[in-house]
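Welcome! Let's take a walk through this model together, one part at a time.

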Amino acid sequence: MQTNSSGSSSSKPWSQWVMIAIAVGYLALVLLLPAVNVFYQAFAKGFGAFLGHFAEGDMQSAIGLTLFIAFIVVPLNTVFGLFAAWAIARHPFRGKPIVISILDLPFSISPVVAGLMMVLLYGQQGWLGPILQFFNFKVIFAVPGIVLATAFVTLPFVAREVIPVLEEIGMDEEEAARTLGANNWQIFWNVTLPNIRWGLLYGVLLTNARAMGEFGAVSVVAGNIARKTQTLPLFVEDSYKQYATGAAFSASVLLGLLGVLTLVLKEILERKTYRKTT
Amino acid sequence: MGITVQEVSKRFGSFQALDQVNVAIESGSLVALLGPSGSGKSTLLRLIAGLETPDNGKIFLTGKDATYQSVQARNIGFVFQHYALFKHMTVRRNIAFGMEIRKMPAAKIQRRVEELLDLVQLAGLGDRYPSQLSGGQRQRVALARALAVEPKVLLLDEPFGALDAKVRKDLRAWLRRLHDEVHVTTVFVTHDQEEAMEVSDQIVVMNKGRVEQVGTPAQVYDHPASAFVMSFIGPVNVLPTNSRIFQESGFDSANPEMFLRPHDIQVELQPNASTVPARVSRLIHLGWEIQAELVLDDGQEMVAHLTRERFDQLNITENQRIHVKPKDAKSFPLYYEI
């Protein structure tokens, strides 16, 4: 490699330029242009028009529902993820790899299949359908279904981020706290949580991004009823299909900004976690 | 009695970490648990702390049965090999932790933290974070933190194991002085016999989950209870009992092997009735001592230590023929592999 580049050091050979051009072109086509285009389309008719879309009832309701779903699912899976991570990282038990694999299931199953699983279980024809009908409780094509589907696809994020951190820090500090008289709860708050906080926050962030952005699983269970079961990603698709491209792109910008924000915070958190462990 | 361990056994899967261990540790003493890795010494310490529970047997702390008492209730101080300081807290807050958990008044905590910082010679470093301290300083913070709650017993798990040789030596002497000041019953785990000899009042020698011997440093060195203790503490030559060197000098035993320390070999230039001839194969200068590697006429190899004075007197060289006899030799009924 070294001889190659030093042999023609005065000017880069044309092959290198071609490679760079291909890489940049590919990134531009696949990543950059689509992202820029979303913003361009959203603001094509001016900033006022962009803001105008947010006054529409359907859009507001979709934003509200998405926030509501995240508001329920993120705390739920944060608590679950913490407990799961603690149980897995702090207790030796038989079948640990199997439990970890099960925890990873939502990563490997297509979201559409996940949605379908919910329908087959909780839908009218599903296993639990008759019981739910008896109590007159609607899951599928209603908000509980969206919560379930979203909870399913975001299940592993927190545990997956926290387990390696817990394993890395080991049990010494927790044992030290115990010998100093701290009970489990005091150990968790004073020692464990401060040590895992950046990893935990990163997991929460990923959970939130996915909870707000999930389309596949939600679209199967939600039924896409405007102002009732339409989340923001469903709203984007619906608007686009009805040629309301302005609204579609405006909502997309919102979701896109969420993504950008997540990435920025992720970068910051990863640096903090890295500094902590070295 | 400070700590009493009665018939304690502990098993991890198929590994018998402790096998019916009995130990009694006097209040206010400084005791070393000495043994090779896997001998069960750390497990015994963690059992005393309550970080593990025994499969069988009982543990008494200051006379009270603590076998099933929780770690928190035992009021012990524990120092870990890798310090286990709370990384996100300052030195001051690390030391205050146990007192804060006990809800002591803030003013009292503050006063005690300053006292302890003085005691461990870290006054002025209270606002540092553990990552800003050297290894030796971190271990002293860990000690101050453990002492802060005025524990009934202080337990240290290879406390100097992660430090470099110079710091380790300093800290050893310092721990001894500290113990003379605070007088808390202290048990520390080590695999370093020199460390155990230097610091402790009593040594508990452990091997394969059993206690081989309990005694003062002089007792375990001069009167080892087993072949294991003799070979683990200090250098030793192991020779068959029927070797000529023992027959000529009148040492005999029903056991097949005899143990003799390198400094218990008398070296002469002229033969007499109780010596056997040997050849000096190699001379190594250890400074204050000369190590002579010898080959006996029957092919047995052994090592003798001569004082500088004696060496200069004899003026021996490599390959010279000399005459040796044991001043002391021991044998033990059962032979353990190390």
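Predicted model: local features only at pLDDT ≥ 70, side-chain atom pairs only at ≥ 80, totals over all residues.

Strand S1 (residues 3-12) of chain B and strand S2 (residues 15-25) of chain B run antiparallel, and seven bridges join them. To find one of these pairings, look for B:Arg11, whose bridge partner in S2(B) is B:Gln16. The hairpin formed by S1(B) and S2(B) has two residues between the strands, and there B:Gly13 takes a positive phi near 60°.

Now move over to chain A. Its domain assignment gives domain 1 (12-43) and domain 2 (54-110 + 139-273). Four residues from domain 1 of chain A and five residues from domain 2 of chain A make up the contact. The C-alpha centres of these two domains of chain A lie 31 Å apart.

What do domain 1 and domain 2 of chain A bury between them? The area comes to about 460 Å², with 88% of it on carbon and sulfur atoms. On the domain 1 side, A:Val38, A:Phe39 and A:Ala42 supply 74% of the area buried against domain 2 of chain A, more than any other three residues. The residues of domain 1 of chain A that touch domain 2 divide into three nonpolar, one polar and no charged. Across this interface of chain A, the rule finds zero salt bridges.

Terms used
Residues numbered from 1 in each chain as written. Chains lettered and ligands numbered in written order. Heavy atoms only, no water. Domains from an automatic or database assignment. Contact = heavy atoms within 4.5 Å. Buried area = accessible area lost by both parts, 1.4 Å probe. Salt bridge = Lys/Arg side-chain N within 4 Å of Asp/Glu carboxyl O. Nonpolar A, V, L, I, M, F, W, Y, C, P; charged D, E, K, R; others polar. Pairing = 2+ DSSP bridges. Helix = DSSP H or I, 4+ residues; strand = E, 2+ residues; numbered from the N terminus.
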